[in-house]
Amino acid sequence: MRVSVVIPTHNEAQAIERVLADLPSDLTTEVIVVDSNSNDGTPEIAAKMGALVVQEPRRGYGRACLTGLATANSPDVVVFLDGDYSDRPSELPILLAPIAEGRADITLGSRLQERRSAGALPWHQVFGNRLAASLIRLLYGLEISDLGPFRAGRAEVLRALALEETTYGWAVEMILKGALAGFRVVEVPVSYYPRIGKSKIGGTLKGTVGAAWFILSLIVRYYFQHRRAGTPRPA
Ligand SMILES: Nc1nc2c(ncn2[C@@H]2O[C@H](COP(=O)(O)OP(=O)(O)OP(=O)(O)O)[C@@H](O)[C@H]2O)c(=O)[nH]1
Ligand SMILES: [Mg+2]
């Protein structure tokens, strides 16, 4: 199985080396760091560690993931992982197993099952993620508990979904479109720790409320769009 790992970064110099060092090299075919205008040496560290560094000057988490997906060289599976060492890259096999065994098209690492370390997620993030996951369970019938950043998907499925969100909505777009198209989305428990470096979004209540509002409205909007249009299953 050819596995491409995509890591979006914006100023993650304090963490990126540990993220790259912890990725099991025997399981990864290539590691792509998609960097947006870091001025702290992140791309240089990533290149030194052997990652393929792609510059993406247009900001946005989703934009970086899309650029990484477009850059990946004939992968079977594409993995998305944050560059702040909140996730444990050594847990990659947990995400790959259901795909390798032919049980899943997309796997989602849930931080809200048993493995989260104390203080890794502030209460407002736990609440927001549980709320979004409940809404997805209710409207889409998908058994998920969280919208975590450590995810994997079969490359042909990810490409068929024609994802286009350029912000943090990208992750939820992948889940919703995947579910609506009838692909097998499977959640697995992963660990989560306080990020290394400065929190940019999730650490503040204001950032979380803004992101939560956007994501909840996306969940409802896709649901009604699908009911109106009867979204066909991508080829
Ligand atoms: N290339 C690129 N990467 C980004 C951008 N914004 C965020 N990232 C990276 O995307 C990943 C997720 O962003 P985070 O800042 O960790 O978001 P979060 O986990 O919701 O919030 P905190 O960890 O509290 O900051 C990190 O590796 C960031 O460096 C961007 O505009 N471009
Ligand atoms: Mg983070």
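**Exercise 1. Strand E6 and its neighbours**

Task: In this predicted model, find which residue stands opposite isoleucine 106 in E6, and describe how E6 pairs with E5 and E4.

Solution. 
Step 1. Opposite isoleucine 106 stands glycine 153 of E6. This belongs with the pairing of strand E5 (residues 106-110) and E6, which is antiparallel and runs over 3 bridges.
Step 2. E6 also pairs with E4, again in the antiparallel sense, over 4 bridges. Here arginine 151 in E6 has phenylalanine 80 opposite.
Step 3. Now take the side chains of E6 (residues 151-154): Arg151 and Gly153 point one way, while Ala152 and Arg154 point the other way. All of these residues are buried. In a regular strand, side chains alternate between the two faces of the sheet.

**Exercise 2. The sheet as a whole**

Task: State in what order the strands of the sheet are arranged and which strands are at its edges.

Solution. 
Step 1. The sheet is open and has 7 strands, in the order E3-E2-E1-E4-E6-E5-E7.
Step 2. Strands can pair either parallel or antiparallel, through backbone hydrogen bonds. In this sheet the pairing is mixed.
Step 3. E3 and strand E7 (185-189) are the edge strands, each pairing on one side only.
Step 4. From one strand to the next the twist averages 20°.
Step 5. H3 packs on this sheet and touches E1, E2, E3 and E4. The direction of H3 makes about 150° with that of E1.

**Exercise 3. Helix H3**

Solution. 
Step 1. A residue counts as buried if 20 or more other C-beta atoms lie within 10 Å of its own. In H3 the buried residues are Tyr61, Gly62, Arg63, Ala64, Cys65, Leu66, Thr67, Gly68 and Leu69.

**Exercise 4. Helices H7 and H8**

Task: Work out how the axes of H7 and H8 are oriented to each other and which residues make the contact.

Solution. 
Step 1. Two packed helices are described by the angle and the distance between their axes. The axes of H7 and helix H8 (residues 205-229) come within 10 Å and cross at roughly 25°.
Step 2. Angles under 35 degrees count as roughly parallel. H7 and H8 are therefore roughly parallel to each other.
Step 3. The crossing in which H7 passes H8 is right-handed.
Step 4. From H7 the contact uses Gly169, Val172, Glu173, Leu176 and Leu180; from H8 it uses Phe214, Ile215, Leu218, Ile219, Tyr222 and His226.
Step 5. By type, the contact residues divide into 8 nonpolar, 2 polar and 1 charged.

**Exercise 5. Positive phi values**

Solution. 
Step 1. Tyrosine 85 has a positive phi, near 65°, and is not a glycine.
Step 2. Alanine 162, not a glycine either, has a positive phi of about 50°.

Definitions and conventions. Residues numbered from 1 in each chain as written. Chains lettered and ligands numbered in written order. Predicted model: local features only at pLDDT ≥ 70, side-chain atom pairs only at ≥ 80, totals over all residues. Buried ≥ 20, exposed ≤ 12 C-beta atoms within 10 Å, placed from the backbone. Helix = DSSP H or I, 4+ residues; strand = E, 2+ residues; numbered from the N terminus. Axes fitted to C-alpha atoms, helices over the stretch in contact; angles between N-to-C directions. Parallel < 35°, antiparallel > 145°, perpendicular 65-115°, else oblique. Left-handed = near helix turned anticlockwise from the far one by under 90°. Contact = placed C-beta atoms within 7 Å. Nonpolar A, V, L, I, M, F, W, Y, C, P; charged D, E, K, R; others polar. Pairing = 2+ DSSP bridges.
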